[in-house]
Amino acid sequence: MNAKTMVPTVTGIIPVEQLGKTLAHEHVFVLGEEFRQNYQADWDEEEKISQAVRDLNELKSLGIDSIMDPTVIGLGRYIPRIQRIAEQTDLNIVVATGLYTYNELPFQFHYSAPGVLSEGPEPLAKLFVNDIENGISGTGVKAAFLKCAIDRPGMTPGVERVMRAVALAHAQTGAPITVHTSVHNRSGLDAQRLFREEGVDLTRVIIGHSGDSTDLDYLMQLADSGSILGMDRFGVDPLLPFEERVDTVADLAKRGYADRLVLAHDASCFIDWFDPHEKAKALPRWNFRHISEDVLPALAERGVSEEQIHSMLVDNVRRYFS
């Protein structure tokens, strides 16, 4: 009998079965600490933490058991704050390691590339592996998956370097990968090509933001290579309206792809990219409640079965980590 697969969460390591219903791409905080310290004089740490706890407890009350939080370097990962929040909710929070850029690397990494000032191994991979094996920045919290990005600029040298470092860390640790992609240039295919070159098991890869597309040929090509499709921006209606997002998931389910879909909002308790009031007006459904309250009933109306929804929320995430 195989040993149980265990998954690290912010509050401890649990059997993968205990993840339960999981939203595969949500953020607790997207917050640039340097910007906050210099330009957000009205920041109230305790109020923001209390609001996050309320949001996540509400999500738990709607029947969601876990979230995967791919907030890595470049998005403002700060684990001590997440620990304080996780201690006050029964929702499991699973965190990532990696680096988020669409183009160049931050200067902290720019000159450390092999062959620039030294001939040593890729230092990014070493950092990622340490986050997975030993924990993040002395907190004891271990990353459970890897995160990178490729957007409209495509496979820039910086993006390629991060992606190959992520692939190396995957090979060394077995941790699965989530990659932010852009449907506008079908960059999920570029990500798969690079990962295939590096020997990555594509069944352990979530192609994030696939749900921004209605191009079934593109989506099925990604899924036919084994990867899981992140239908993970429900509520971001300006990028693709609600009805089209739901129709695409339902169409893929009817074609037999429910075992390669995961659901999420890519929402957050707080994000400093937008003015909160303007964000609420422009994106009224971009919140953690939307899938439970609106998306799942709409999928059921379109003939998506409870078994298929269970696959998207439970089985596929379990297989991703196993």
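This is a predicted model: local features need pLDDT of at least 70, side-chain atom pairs count only at pLDDT 80 or more; totals for chains, interfaces and linings use all residues.
Q: What is the volume of the largest cavity, and which helix gives the most to its lining?
A: The largest cavity has a volume of about 60 Å³. Its lining includes F29, D69, R77 and V95, along with I79, R81 and I82. The helix that gives the most, with three residues, covers residues 79-86, and that's α3.

Q: How do the residues lining the largest cavity divide into nonpolar, polar and charged?
A: Among the lining residues are F29, Y78 and I79, as well as T71, G76 and D69. Sorted by type, the lining of the largest cavity comes out as five nonpolar, two polar and three charged.

Q: What about the second largest cavity: how much space lies in it?
A: This one is lined by G211, M231, D232, R233, F234, R245 and V249. By type, that lining divides into three nonpolar, one polar and three charged residues. The space inside is about 30 Å³.

Q: Why do the buried residues of α5 line one face of the helix?
A: Helix α5 runs over residues 123-133, and its buried residues are L124, A125, F128, V129, D131 and I132. Looking down the axis of α5, these buried residues line one face because they fall within an arc of 160°. As background, an α-helix has 3.6 residues a turn, so residues three or four places apart point the same way.

Q: What goes on at the start of α5, and which residue just after α5 takes a positive phi?
A: At the start, a side-chain oxygen of E122 reaches to within 2.9 Å of the backbone nitrogen of L124. Just after the helix, a positive phi of about 110° turns up, and the residue taking it is G135.

Q: What is the phi of R186, and where is R186 found?
A: Most residues other than glycine have a negative phi, and most peptide bonds are trans. R186 isn't a glycine, yet its phi is positive, at about 50°. R186 counts as partly exposed because its relative accessibility is 32%. Its place is the loop between β8 (177-181) and α7 (187-197).

Q: Is D266 buried or exposed?
A: D266 is another residue other than glycine with a positive phi, near 60°. D266 sits in the loop between β11 (261-263) and β12 (268-271). The relative accessibility of D266 is 11%, so D266 counts as buried.

Q: Which residues is T203 in contact with, leaving aside neighbours within four places in sequence?
A: T203 lies in the loop between α7 and β9 (205-208). With a relative accessibility of 38%, T203 counts as partly exposed. Its contacts beyond those neighbours are G226 and I228.

Q: How many Å apart in space are T203 and Y257, and what polar contact joins T203 and D201?
A: T203 and Y257 are 54 residues apart in sequence, and their C-alpha atoms are 13 Å apart in space. As for T203 and D201, their side chains are joined by a polar contact of 2.7 Å.

Methods:
Residues are numbered from 1 along each chain as its sequence is written. Side-chain values use heavy atoms; hydrogens and water are left out. On a 1 Å grid over the protein atoms alone, a cavity is a set of points where a 1.4 Å probe fits but cannot get out, and a pocket is an open set with protein on both sides within 12 Å along at least five of seven lines; lining residues have an atom within 4 Å of a point. Grid points are joined across faces, edges and corners, and a volume is the space filled by probe spheres set on the points. Helices (H or I, at least four residues) and strands (E, at least two) are DSSP runs, numbered from the N terminus. Ala, Val, Leu, Ile, Met, Phe, Trp, Tyr, Cys and Pro count as nonpolar, Asp, Glu, Lys and Arg as charged, and the others, Gly among them, as polar. Buried means under 20% relative accessible area, exposed over 50%, partly exposed in between (1.4 Å probe, protein chains only). The arc is that of the directions from the helix axis to the C-beta atoms. A polar contact is a pair of N or O atoms within 3.5 Å; within protein, one must be able to donate a hydrogen and the other to accept it, and residues adjacent in sequence count only if both atoms are side-chain atoms. Contact means heavy atoms within 4.5 Å.
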